[in-house]
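Here is a friendly briefing to read with the model open beside you.

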Amino acid sequence: MSAVLLLAACSSAAPRRTTPVHWIEATRTLTQLSANHNGLFSEYNPTIDADPYATYYALRTLTLLNAPIPHQATTQRWLLDELTRDLEQFETSINALGDIYYVLQALKLLDVDLQGLDAQTQATIRERVESLFMDAGYFVGSLDERQLEPNFSFAITTYQAVTVLDLLGYRPTYADAVITWLNTLWEQAYAQNPPDVPLLAQVYRTLNLLVDDIAGYAEGAIFNRAQADPAQPLIYAQNLVALAQATQHPVQIDTSVLEAIVASQNRDGGFGPLPDTPSDMLGCTLAVEVLQYAGKLDAIDIAALRNLILSREFESGGFANIVAQEPNYAVTYYIYRYESIFAAGVQNTTVALPRTFESTYSAYHATLLAKLLDLPAVSLPRLDVQAGLGTIYFYLLQAEALDQPVEPAIKAEIRRFMAQHYALDALFNNQQDLRVDTAALVLTVYAILDQHSVSTRQLHQLDQLIQTRLKPNMLGLDELHRALLLMQRYDYQPTAPAMLRQWILDCFTPQGGVAPQPIAYSTSTPSLYLTGLALESLGWLGADPTAAHIRTMLQQEP
């Protein structure tokens, strides 16, 4: 079962809590879905969904690898439903043509007889596609694009339109006008030095569907004059291979280009379309096409690539393209720190961190990650004290983690800001409106500036404030974590650790990961960051935050 299907299976259960092993496995699924590239991770994002583009390239890559396509009937049903939606939303979609193209191409890979679709569907597709034809001889990608000036990007949409019609057994009504426009593009691309190989490949593939004899377009001089692009070796090589295959003119890919492509395989097993970019389905397909053509496919980890693709299949049968966005250094830190929970066997040999950050939050967690993995230290960012309490808090935590003294002038500015906005002796005067988070941040800032400025009485007041916020669910897990972090500094033991441990366990969600509050377990998106905070907090409260002990604690949970 693929990772996403496993997640769906776990999350569909009716009981309040899944079995302990399911929580561990579901959390590892979230981790896999959040893998960015080169050893970094993002926060889990459930809004990313399957789409025809990713599904086509996923199926194409699996086909090129001669790998079985899982849940083929489910994928086929999803594609047919997607086709219906695409036709209904055609007039408003910004990618109207592309969605139909990728659905039909994916169905073709599943051996669906496209000319066997019902007559009304075929007629509707033809009508929709031909409505995108422009008098100049090209097709646009959506009705909105009819207002745009002609440009080379329409070579792609024209290819898509001609291909869709060809798959259904139709020839464009204005085929002669299309051929004339393509001839003009060919001449322009060929005349460039070096020739525009991507454009030539696109034009040739389209002409191949429209012209019976196109031998005159295939000239070896194209390949002799082509030059590799070091900034995008994979895209360059794939276009060269595509043109070579279309013209049946063999081409030799430079060894340096092939080596660069092999070296660009990401830690998760996939490929990005450009060097040092997250894996996506297009990048995976391009890499396999090029390396297979060059006879170098065995130079990469094929099993890891296949697993990466399968991990992006949704319960619907469709595939997602990129499941993670910007790296989150806090999430990454906790994933490596609690490796037995998040992902057994995760490798960190390729992690590389920026040396500087603008955000004090990111800089602090990147510092923790660098220390954990023995990476070069991260510099302190410039501090804007007026940015607020949270910015100051993480700045001071990072300076402390680096064992780097804060400059006297910065300390003085922080003290003035705190005295003006967060006077220590008045902190607990109005506990009814005081948030645990605010109290914990204020006390921590004062504690870092002067260890002796925070008294045991104030820690006890913070402890009592936590107790008053637990029952009415006026507390967030991140607030509790910051309070416990402060208490650790003074070896202060909370008065009700068992109650706090249980409250944290009640934040564990059936989907894996952790919610910000127990009351939010069924409505909030599971968070990997909060999972790290929960595990660390449980450790401070006397619980062993390992997979085995987490299972035991969940088994004992009422």
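A salt bridge here is a side-chain nitrogen of Lys or Arg within 4 Å of a carboxyl oxygen of Asp or Glu. By that rule, Arg85 and Glu82 are joined by a salt bridge, with 2.5 Å from N to O. This is a predicted model, so local features need pLDDT of at least 70 and side-chain atom pairs count only at pLDDT 80 or more, while totals for chains, interfaces and linings use all residues. Residues are numbered from 1 along each chain as its sequence is written, and side-chain values use heavy atoms, with hydrogens and water left out.

**Terms for helices and burial**

- Helices (H or I, at least four residues) and strands (E, at least two) are DSSP runs, numbered from the N terminus.
- Buried means under 20% relative accessible area, exposed means over 50%, and partly exposed lies in between (1.4 Å probe, protein chains only).

**Salt bridges**

- The whole structure contains eight salt bridges.
- Arg85 and Glu82 sit three residues apart in helix α4 (residues 72-88), which puts about one helical turn between them.
- An α-helix has 3.6 residues a turn, so residues three or four places apart point the same way.
- Of this pair, Arg85 is partly exposed at 32% relative accessible area, whereas Glu82 is buried at 13%.
- The closest N and O atoms of the Arg28 and Glu25 salt bridge are 3.5 Å apart, and Glu25 is partly exposed at 28% relative accessibility.
- Glu536 and Arg337 also form a salt bridge, at 2.2 Å from N to O.
- Because Glu536 belongs to helix α24 (residues 528-540) and Arg337 to helix α15 (residues 329-337), this pair ties together parts that are 199 residues apart in sequence.
- Glu536 is buried at 9% relative accessibility, while Arg337 is partly exposed at 34%.

**Helix α20**

- How does the span of helix α20 (residues 436-449) agree with 1.5 Å a residue? Its 14 residues should span 20 Å, and its end C-alpha atoms are 20 Å apart, which agrees.
- The expected span is 1.5 Å times one less than the number of residues in the helix.
- In α20, 13 of the 14 residues are buried, so the rest of the structure largely encloses this helix.

**The largest pocket**

- The largest pocket has a volume of about 1,200 Å³.
- Of its 41 lining residues, Tyr57, Tyr159, Gln202, Arg205 and Gln238 are the closest to the centre.
- A pocket is found on a 1 Å grid over the protein atoms alone, as an open set of points where a 1.4 Å probe fits, with protein on both sides within 12 Å along at least five of seven lines; lining residues have an atom within 4 Å of a point.
- Grid points are joined across faces, edges and corners, and the volume is the space filled by probe spheres set on them.
- Six helices, α3 (52-64), α5 (96-109), α7 (154-167), α9 (197-210), α11 (233-247) and α13 (281-293), each supply at least two lining residues.
- The lining divides into 24 nonpolar, 11 polar and six charged residues.
- Ala, Val, Leu, Ile, Met, Phe, Trp, Tyr, Cys and Pro count as nonpolar, Asp, Glu, Lys and Arg as charged, and the others, Gly among them, as polar.

- Thr61 lies in helix α3 and is buried at 0% relative accessibility.
- Leaving out residues up to four places away in sequence, Thr61 touches Met281, Cys284, Thr285, Val288, Leu305 and Ile309; contact means heavy atoms within 4.5 Å.
- Met134 is found in the loop between α6 (119-130) and α7, and is buried at 15% relative accessibility.
- Apart from neighbours within four places in sequence, Met134 contacts Val140 and Arg146.
- Met134 and Val178 are 44 residues apart in sequence, with 9.4 Å between their C-alpha atoms.

**Positive phi angles**

- Most residues other than glycine have a negative phi.
- His71, not a glycine, has a positive phi of about 50°; His71 lies in the loop between α3 and α4 and is partly exposed at 37% relative accessible area.
- Asp491 also has a positive phi, near 55°.
- Is Asp491 buried or exposed? Asp491, in the loop between α22 (477-489) and α23 (497-505), is exposed at 67% relative accessible area.
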